[in-house]
Amino acid sequence: MPVLEIAVIGHPNEGKSSVLSTLAEDDSVRVSPYPGETTECRSFPVMIDGREMLRFTDTPGFQNPERLLYELKKLVGTDRNLARLLRERFAGDTALRDDLELLAPVARGAAILYVVDGSRPPRRVDRDEMEALRLTERPRMAVINCKDDDRRYLEDWRSEFRRNFNANRMFNAHRATYAERVALLDALQAIDQQWQPVIAQVVSAVKKDWQMRLDASAEIILSTLEEILAFRLSESRSDVRDEQAFQAGLREKYCSAVAEKEKKAQERLRDLFRHRRFRYRLEGHSILDEDLFSETTWSLLGLSRQQLTLLGALGGAALAMGLDLLVGGASLGLFTSVGGAVGAFGAWLGGDQLLKGVNIMGIPLGEELMQIGPNSNINLMFVLLNRMFLYVQETAHWAHGRRDYPEAVAVAQQAGFTGRWPAGRIKTCRTWFEAIIHDQTGEIARLRPEIREMIAASLQEISRFEGANEA
Amino acid sequence: MRKHRHLKGVSEHPAEHCRLPDCLRHWKETRPSGKIPGMKTSWSIGDSIDLEYFSTLDQDISYHELQERDRRIVEGIPSVTREKALFAWLRARRREADGLVPGETFLAVLATLRLVLIVLGLLIGFAAGWGFFTYLGRTPVNVLYFFALFILPQWLFVLLALLALLPGRGLGLYPPLQLAGALLRRFYAAASAKLLARLDAEKRLRLSSFAGQSRVSGGRLKMVLCWLAAALTQGFACAANVGLLLSSLMKIAVTDLAFGWQSTLDFSAEKLFASARFLAWPWSWLWPEGVGHPNLAQIGGSRIVLKEGIARLQTEDLVSWWPFLLLCLLVYGLLPRLLLWAFCRWREHRALAHAMARMPEAEELWRRMRSPLVSTDGLPDLGGAVSVTIAPTDSPRPKKAFPTRPAMLAVPEELLSGLPHEAMSAWLAAVGLRLVAMRSLPDEYGARLDFPAAIAKELGGLDAGVALCLLAESWLPPIAGFLELLRRLRAAIGERRPIIIALIGKSKNEALLSAPDDPVMLTVWRQKLAALADANLRILPFDSEES
């Protein structure tokens, strides 16, 4: 069966490449605010189980629509593929180079996805283009990609489309979410009845693929949590002269190792959502860019007070003391394990420096090693979870055709995905967390599916989120 | 979006000087050209470059600001002429600029190049002469070698140069230029195609624009640069001849030189004497036979026959050649070069004057400086108070330009019905254009094909100063079809008539006339049109303040 091909065609600088980039989830497509970025056709195959089902082809913009229409009209009546005939007739005409190039996929039978910028009025050149495409007699659909918020001309465009296209649809290549992408793919079925089964198959595969990504994301997040929460670091303390400096150095290594593990998880999530150029860069005030153990991070992404109250009841007087500190205006403290075997709380830390006074206990491994971690503050688990959720939300919904990568993402207001979790979930989390820091493998394995399910449920919610690409 | 540049007068800020390298700073400070009012009398190539450079900087400044600034520059000049005004304008702009501007830099580099060529010529000429006149007492210096090395090749070069400089042939035959031109064209064609394909749209556009601007500047200054190159080579040759003369004189003065001649062929002393007498004709009135050139006996006496050795030759005969040789060098080597150099310099200045007279930027500037600023705005209502001192208000009172250039406006058919004619005329008038006719630019390709010829016919009946103004929407990128129309219009109406693209933005509140609000698209328009290399094509973005 021949591969279905859809050529993305339009006037220069209307966002053809952006539409294609978002639709095909390929951010390697060259996109630029300057017209004329695409000079040659480039195809982007949609593969399912190794088989090419559909192919999107990016094309250069029209350069001589008036002349193209003029010449095509002269060919009407000949019982041949007009696009091919025109390409043959003007093969050596350099003035028509781009126009002939964009007709190449049409000449070989591709359907047309005509892209316009709906925030400007239709002009004679657009009408010429639409009519020229109509004369090629290929199945076609129009896509309105509004480059700004001006909606005054939408009705004018729709009115133009009614004359020349089988269907039309709004699609913002810079803000389209997964759901909108699927909806556009779904709508492609309207281009040609014969294509419906293949397009339906593609849409179904895309939906399954998305679900797979969410499942894989849940697994990445869970395994990263397990790794970081159980993480411990030990170093030889023989020949140590300055005990304080040694401890500070060890703390620093611990923090950077945890940050590195988190970064690796983020990289895997980014790959999963097929972003090669877009890097979720968080700077300045952004929570995710701050130090993992910074005070701000704790207070914004940590547990809510209600959840802490619950944990206080579960955890006993020591935790209640920590809650008192919190209510007293201090930030949440950090306490450190005083040894895996003891399994009791260390000391709550308040004030400005969260890591100051962290207890480090020498574990007698030949009396030469000092160990730090695992971190027995359950808040770490929720901070990490919320950071991962935030990362997935931003990455999964970032349209591949969008190139205005932000310097910094304002996420402070969106903190706390777990803030909406019910008491039951928090209780399970606590049990699982305790099991990890106490290295209770049986309990960890027993609770793992439940925790994974919680994470997956939150990712499903995030998947339906629609605000990530808002300008 | 708009850059506002105001004249600041002479900058005394030390930072300005700090930016320049010492040698260039010294050159800028001491260079007489363009610094002292009234001193400058002729154009330099640097003036042309700077005038174009400053005009490019002005393209984002509103017409009113430009006019006010430029009028102020010429205000104090008595009996102002075009040249005086333009010199004054350049002086003012250079004073305002930070550091060296391109034209001044070019002149600085040129002065250095000139100096290097002269020194190099002197050294080469001197070394050649010194080497040639080295006489170790065994064999006298062969005068035939002297002619073969120092006179004949120079005649050949002079002949080639004269052929190239023949009236009507320009410098097309000048071999170094021809060769360099052919090589450059080949390299450009091969490299640009490969390079452009690899670049992204922004860089491709910038490069095409640069190439277009270079073609405009190059086209304008082509002849100037050719004559400049020719003058430089002749200058180098003059220096080489001077070096040769100096070394010859020095050798003759401080060493014991002997000159002779020899030939295997049956070449008699009589024939050589006849040749020498012929060559010495130009100075024979001053230095006769025996002084200005050797006589027959001296020539016969200086013939070297190997088997006989040189012992029999008389010293008087052997030294009789030197005045003749030096005079040959002077008359047949240095003099033609000097004449050619002077001719090239004269042609260079003439070409420059011609280029400056046709320069659209200079024309526009001179037009602007002549247009009086007309203000029709009333003073604030003083409510009957008579003796009140009016303090200057913060906002400058808008002034209107006196429309000086007549223009025909072509409006795309689809925009014509919605075009507010009065507002359009008012805007054009505000930027110095007087609307004399309005025509519809057909939307349909077939009808548009005939448009250039029709417009050319109509404009042909009007004054040569009437500009053709085309209305276009800035938010639609200039596609190849539109650029082709511009090319055909230019071909139809001739290269000197200005074509102005009046650019409007996306309409706001249903008003068709609004300012272009996308700086990227404005840049795209500028660069695409610059790539056309049309010296008389410019963009006029709509400005609501001006209208």
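Which residue of chain B forms a salt bridge with Arg123(A)? The partner is Glu473(B), and the closest N and O atoms of the pair lie 2.6 Å apart. Please keep in mind that this is a predicted model.

**Where chain B meets chain A**

- Chain B brings 32 residues to the contact, and chain A brings 29 residues.
- About 2500 Å² is buried between chain B and chain A, with carbon and sulfur atoms giving 57% of that area.
- Tyr445(B), Ile479(B) and Lys506(B) supply 24% of the area that chain B buries against chain A, more than any other three residues.

**Polar links between the chains**

- Four salt bridges are counted between chain B and chain A, and the pair Arg123(A) and Glu473(B) forms a salt bridge.
- Nine residue pairs are in polar contact across this interface, with both residues at pLDDT 80 or more.

**The chain B side**

- Elements giving two or more residues to this side include α9 (201-254), α17 (445-449) and α19 (480-493) of chain B.
- The largest share, five residues, comes from α20(B).
- By class, the side of chain B that touches chain A has 14 nonpolar, six polar and 12 charged residues.

**A helix pair within chain A**

- Helix α13 (residues 379-396) and helix α15 (residues 441-463) of chain A pack at an angle of about 35 degrees, their axes 10 Å apart, and the crossing is right-handed.
- Residues Leu385(A), Phe389(A), Val392(A) and Gln393(A) of α13(A) meet Ile455(A), Ser458(A), Leu459(A) and Ile462(A) of α15(A).
- This contact of α13(A) with α15(A) has six nonpolar, two polar and no charged residues.

Definitions and conventions: Residues are numbered from 1 along each chain as its sequence is written. Chains are lettered from A and ligands numbered from 1 in the order in which they are written. This is a predicted model: local features need pLDDT of at least 70, side-chain atom pairs count only at pLDDT 80 or more; totals for chains, interfaces and linings use all residues. Side-chain values use heavy atoms; hydrogens and water are left out. Axes are lines fitted to C-alpha atoms, for helices over the stretch in contact, and angles run from 0 to 180 degrees between N-to-C directions. Helices (H or I, at least four residues) and strands (E, at least two) are DSSP runs, numbered from the N terminus. A crossing is left-handed if the near helix is turned anticlockwise from the far one by less than a right angle, and right-handed if clockwise. Contact means heavy atoms within 4.5 Å. Ala, Val, Leu, Ile, Met, Phe, Trp, Tyr, Cys and Pro count as nonpolar, Asp, Glu, Lys and Arg as charged, and the others, Gly among them, as polar. Buried area is the accessible area (1.4 Å probe) that two parts lose on being put together, summed over both. A salt bridge is a side-chain nitrogen of Lys or Arg within 4 Å of a carboxyl oxygen of Asp or Glu. A polar contact is a pair of N or O atoms within 3.5 Å; within protein, one must be able to donate a hydrogen and the other to accept it, and residues adjacent in sequence count only if both atoms are side-chain atoms.
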